[in-house]
Amino acid sequence: TITSGATISIIRTTNGTISYGNVDLNSSTSTLPSAINDVETFQNDGTAAEQFSIKTSNATSSGGTTWTVGAAAGSDIYVHSFTTTTSPTWQILNTVDTYETASSSVAANGTLNFYMKIDTPTGSADYQQKSITVTVFAEAAP
């Protein structure tokens, strides 16, 4: 239920770009302060509590092999995970375009930090740079 006059709105307060850099096959890195230190922060810019959810895409490159997102790394299969704390319990985003709840209630004007982790494939048909799209979505809190 949305109260009359309530606005649902989300804004990104950081640059929105993560560069994992060169990551070896069959290894991982994250955006935690102890790794590449690149937090992405989103703010509830609305007037009511909001639920924030997140989804990922496959990893693509121009003319290269697509890495499929999955629950476990394999040949041309990568794992993409997120956490909202620096003491992480990683939540795997193992299905393309399926939103996972990051927080069921972010107060109006409140913020939520997102830290991402990539586990690279165990093997790959090419070594081209990949691009991944991550989307954060807001809706009225349940």
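Reader: Which residues does F82 touch?

Author: Leaving out residues up to four places away in sequence, F82 touches I54, T89, W90, Q91, L93, E100, T101, A102, F114, Y115 and M116. Contact here means heavy atoms within 4.5 Å.

Reader: Where do these coordinates come from, and how are residues numbered?
Author: This is a predicted model, in which local features need pLDDT of at least 70, side-chain atom pairs count only at pLDDT 80 or more, and totals for chains, interfaces and linings use all residues. Residues are numbered from 1 along each chain as its sequence is written, and side-chain values use heavy atoms, with hydrogens and water left out.

Reader: Which residues have the most contacts inside the largest nonpolar core?
Author: They are F52, I54, Y78, F82, L112, F114 and M116, in a core of 18 residues. Such a core is a set of buried Ala, Val, Leu, Ile, Met, Phe, Trp, Tyr and Cys residues joined through side-chain atoms within 4.5 Å; buried means under 20% relative accessible area, with a 1.4 Å probe and protein chains only.

Reader: Which strands each supply at least two residues of this core?
Author: Those are β4 (50-55), β6 (77-83), β8 (100-106), β9 (111-119) and β10 (135-140). The largest share, four residues, comes from β9.

Reader: How many helices and strands are there?
Author: The protein has zero helices and 10 strands. Helices (H or I, at least four residues) and strands (E, at least two) are DSSP runs, numbered from the N terminus.

Reader: And how much of the protein is buried?
Author: Buried residues account for 38% of the 142 residues.

Reader: What does the C-alpha trace span?
Author: Along its principal axes, the trace spans about 55 × 30 × 25 Å.

Technical notes:
Buried means under 20% relative accessible area, exposed over 50%, partly exposed in between (1.4 Å probe, protein chains only).
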